[in-house]
Amino acid sequence: MSSNIQVRGQPLPRVLARNHHMTHLLVCSVSTKRHHREINAISRNRSPSLDSVPTRTDKRQFLRGDGNGKFGRFGGKFVPETLMSRLMELEEEFNFVMSDHEFQEELTTSLRDYVGRETPLYFAERLTEHYKNIVPTIEGGPEIYLKREDLSHCGSHKINNALAQAMISRRLGCSRVVAATGSGQHGVATAAACAKLSLECTVFMGATDIEKQSFNVRSMKLLGAQVKSVEGTFKDASSEAIRNWVENLYTTYYLSGTVVGPHPCPIIVREFQSVIGKETRRQAIQLWGGKPDVLVACVGSGSNALGLFHEFVGDKDVRLVGIEAAGLGLDSGKHSATLAVGDVGVYHGSMSYLLQDDQGQILKPHSVGVGLEYPGVGPEISFMKETGRAEFYTATDEEAIQACMRLSRLEGIIPALEASHALAFLDKLVPTLRDGAKVVVNCSGRGDKDLDTLIQRGMPSSFC
C-alpha cells in the first residue's frame, strides 16, 4: 500500500511499515478531528479537585481486557501473520507461568533477594512540611509518601518486569534477548537480568539518548550487554529492536519494558509491575490502617503508572493521577504530552493515543526526562483516559527540574527526572486536598543518571 493514512470509520488494514526504519510491523495511525484536541486543551487546564473522583466502567475490563488484549477500542494485535504464532506462544506461556508454582516461587525469591523487594513506602516528612509552610490555607495538610522504586536493584522499577520476562525467555528456549531503552533504566535492568540468567543481551538505544545517558550506557556494557546505537530517540530504538526480533523470531526474545506494543506485551509488563501497587496497598494498611487517597505517577508510555495504579482501579475512592511531560510547553511542539493533545492511532502494533500530525505521521516527542520521550501511551492507559478512571495532567521540563532539586535538598533523595514530573505536580495538587489526605507518589527511579543533564540545564552552582 502506498499510504499509511487511514480513513476514519474504516477497518484498519495490516500494512508494512514505511517509516522509522521498521519492516514487517504496522506503523500506521488514525487522525481524529481537530476539535478533539481543543476539548483536550480545555480539560487539561482544569484545576484538580478532591471532590471529583472519576467514575469508570466494569473493573473486569481493567484486569485482563477482553481476553484479546483490547481495552475498549484500544490495544489489539496489528501485526503481520508471521508474528501471530509467536505472540500466541508468548501469551500461552505467560498465562501458564502466572499460575505455575515453580515459576512464581523463583520469581518471588529473586524479587526479594536480588531486586530488594519490598521497597519502602516512605513518609516524606520535610516535603510534607514544605507544603504546609508555603500554602497558607493548609492547617494540618495532606501527608506525602514516596513509593521508593529508586531503591530497587539497578535503580528503578524496570527490574521487576525485566527479570520476570528474562525468566520467560529462558523457558521459551531463547538464548538471546533484545530490548530498547530511552533513559537507559530498562536497558540496565535487562542487561542485569540477562547476566543473572546467562542470556545474550542486545540493547538498542537512540544516539541522542546515548549521549545524554552515558552513565547507564557504561553500566549496560559492564553487565555484558551489547549496546547498539540507532539514529533518533527511544521510538526509533524500539522500532529497530522489534525489527531485529522479527528477523530472529525463534532464537531471540523481545523484552518490552513498556506497556505498549501488540498483545500480550502490554499486559505482561503491567502484570509484572503490579507488585508496586500490591505492596503499596499492604503498606498503607500497616502505616495508617487504610488506603491512599491519591496516587501520583509520571506517564511516558505508562509502565510505572500502571504498576502503581492497577491494584486500585476497583477502589472508586482512590484517585489515580498521571503526569505527562509538557516539555517546553504544550504550545511549543516540544513535549511528550500524548494524552493532553494526542489523537487515536495505531503504532508499534496496537491502538492507543499517539502524538501525530493531521496526516497521521508520528511526531517527535521531547522531555528533559528521556524515559518519557515516546509518542504514545499504552492501551490500558488510553482506556483509563477515555473512561475517566484516571486523571492526567502535565509538568514542564523546568517544573520537573525544580521538583528534583527540592526533593534532593529536603529529603536527601535524588529522583530521576522522569519521576520528578510526578513530584512537580504536588505544587498544584496539594492545595486542593483535605487535611490528613494520604498522597503516594511513585518515585520510579533514582536520578544519579541525570546529574549531567541538570548541570547542563543550568543547575545553580550552589546545587553542584
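Visitor: How many cavities of 30 Å³ or more does the count come to?

Guide: The count comes to 7. Keep in mind that this is a predicted model.

Visitor: What makes a space a cavity?

Guide: A 1.4 Å probe fits there but cannot get out, so the space is called a cavity rather than an open pocket.

Visitor: Which residues lie nearest the centre of the largest cavity?

Guide: Those are H157, K158, S303, G371 and L372, out of 22 lining residues. Elements giving two or more residues to this lining are β5 (176-181), α7 (185-197) and α13 (303-309). By class, the lining divides into 6 nonpolar, 14 polar and 2 charged residues.

Visitor: And what lines the second largest cavity?

Guide: Its lining has 14 residues, with S238, Y254, S256, T258 and V260 nearest the centre. Helix α10 (residues 234-247) gives the most, namely 3 residues. The classes here are 7 nonpolar, 7 polar and no charged residues.

Visitor: Why is the pair R171 and D100 called a salt bridge?

Guide: The cut-off is 4 Å between a side-chain nitrogen of Lys or Arg and a carboxyl oxygen of Asp or Glu. The closest N and O atoms of R171 and D100 are 3.8 Å apart, so the pair counts. R171 sits in helix α6 (residues 158-171), while D100 is in the loop between α3 (81-97) and α4 (101-115), 71 residues apart.

Visitor: What makes E143 and K438 a salt bridge?

Guide: Their N to O distance is 3.9 Å, which is within 4 Å, so they qualify. This pair links distant parts of the chain: E143 is in strand β4 (residues 143-148) and K438 is in strand β14 (residues 438-443), 295 residues apart. At 14% relative accessibility, K438 is buried, whereas E143, at 25%, is partly exposed.

Visitor: How do you know that E311 and R281 form a salt bridge?

Guide: The closest N and O atoms are 2.7 Å apart, so this pair also passes the 4 Å cut-off. R281, K291, E311, D315 and D317 are linked in a network of salt bridges.

Visitor: How many salt bridges does the count come to?

Guide: That count comes to 30.

Methods
Residues numbered from 1 in each chain as written. Predicted model: local features only at pLDDT ≥ 70, side-chain atom pairs only at ≥ 80, totals over all residues. Heavy atoms only, no water. 1 Å grid on protein atoms, 1.4 Å probe; cavity = no way out; pocket = protein on both sides within 12 Å on 5 of 7 lines; lining within 4 Å. Points joined across faces, edges and corners; volume = space filled by probe spheres on them. Helix = DSSP H or I, 4+ residues; strand = E, 2+ residues; numbered from the N terminus. Nonpolar A, V, L, I, M, F, W, Y, C, P; charged D, E, K, R; others polar. Buried < 20%, exposed > 50% of the residue type's maximum accessible area, 1.4 Å probe, protein only.
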